[in-house]
Amino acid sequence: MKLYLVRHGITDWNARKKIQGQVDIPLNETGRDLARKTAEGLRDVRFDQCISSPLCRAKETARIILGERNVNILDEPRIMEMAFGDYEGKCCSREGWELPEGFHKFFDDPAGYEPPRGGESFADVKKRTGAFLADLYQKPEYQGLNILITTHGAALAGLLNNIKQEPLSRYWGDGVHRNCAVTEVEVRDGVPEILSENVIYYENVKDPWADEK
């Protein structure tokens with residue numbers, strides 16, 4: 001099977017560097033435009049199945065990319081964004097910082113990050129995204145299919161951390177993936193191989209997180 005892992009398009013909270021987590025924030029017009037450009041870049045891919053986070057920003061990204069393809073979108077809670085509990089809605093830009101100093105570990109020391117009340121650790125997200133992948137690889141009905149998977153920044157990093165079999169300290173890999181970036185993974189006999197990573201199909205859109213990681 002081939003997996004096309006896509007981070008959702010930009011939202012107003014992304015642009016303002018507010019922590020979204022599991023708050024259901026929709027795409028903004030820029031985010032929809034990025035999804036349309038990504039759809040054009042993937043126009044020749046035959047998608048047989050789509051699996052999405054239940055949050056509307058991921059599902060709308062999926063719908064735009066799929067376009068007129070007659071493909072069902074399955075909700076998958078295990079690829080929802082990381083829960084941030086009390087931190088959701090807070091700003092984490094350098095200029096508008098509203099969080100404890102310890103939150104810097106979120107980017108700099110994932111293994112040492114301590115979640116707030118109601119939040120998840122990186123180990124929590126790695127565990128649930130890893131369980132999702134293990135189940136996916138073994139589904140006989142998915143063998144040989146091209147599957148679009150739409151998710152979120154931290155959840156996507158968890159998927160890739162599992163695929164690469166890297167330690168929690170390397171959770172972010174080479175950084176947060178761009179909005180609507182596409183990573184292609186081929187799975188043979190339950191073993192994944194990354195064919196391309198963090199590919200974008202648009203230009204001249206500033207990454208809101210470029211200065212943070």
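I looked up Y4 first: its bridge partner in β5 is E184. I then checked V6, whose partner in β5 is V182. The model is predicted; local features need pLDDT of at least 70, side-chain atom pairs count only at pLDDT 80 or more, and totals for chains, interfaces and linings use all residues. Residues are numbered from 1 along each chain as its sequence is written, and side-chain values use heavy atoms, with hydrogens and water left out.

My strands (E, at least two residues) and helices (H or I, at least four) are DSSP runs, numbered from the N terminus. Two strands count as paired if DSSP finds at least two bridges between them.

β1 and β5 (residues 182-188) pair in the antiparallel sense, over five bridges. With β4 (residues 146-151), β1 pairs in the parallel sense over six bridges. There I found K2 opposite N146. Strands of a sheet pair through backbone hydrogen bonds, either parallel or antiparallel.

Is β1 enclosed or open? Five of the six residues of β1 (residues 2-7) are buried, so the strand is largely enclosed by the rest of the structure. I use buried for under 20% relative accessible area, exposed for over 50%, and partly exposed for in between (1.4 Å probe, protein chains only).

**The whole sheet**

I traced six strands in an open sheet, ordered β3-β2-β4-β1-β5-β6, with mixed pairing. β3 (73-75) and β6 (191-199) are the edge strands, each pairing on one side only. From one strand to the next, the twist averages 20 degrees. Helix α6 (residues 153-164) packs on the sheet and touches β1, β4, β5 and β6. Its direction makes about 140 degrees with that of β6. Contact here means heavy atoms within 4.5 Å. Axes are lines fitted to C-alpha atoms, for helices over the stretch in contact; angles run from 0 to 180 degrees between N-to-C directions.

I searched the whole structure and got 15 salt bridges. The cut-off is a side-chain nitrogen of Lys or Arg within 4 Å of a carboxyl oxygen of Asp or Glu.

Which residues does R32 link up with? E29, R32 and E60 are joined in a network of salt bridges. For R32 and E29, the closest N and O atoms are 2.7 Å apart. Both residues lie in helix α2 (residues 29-41), three residues apart, about one turn of the helix. E29 is exposed, at 52% relative accessible area.

R32 also meets E60, at 2.6 Å from N to O. R32 lies in α2 and E60 in α3 (residues 56-66), so this pair ties together parts that are 28 residues apart in sequence. E60 is buried, at 17%.

I also noted R43 with E40, a salt bridge at 3.2 Å, N to O. E40 counts as partly exposed, at 47% relative accessibility.

I checked how α2 meets α3. Their axes come within 8 Å and cross at roughly 40 degrees. R32, A35, R36, T38 and A39 in α2 meet E60, T61, I64 and I65 in α3.

Last, I looked up α5 (residues 122-138). This helix has 17 residues and reaches 25 Å from its first C-alpha to its last, close to the 24 Å expected at 1.5 Å a residue. The expected span is 1.5 Å times one less than the number of residues. Buried residues in α5 include F122, V125, F132, L133 and L136. K126 and R128 are also among the buried ones.
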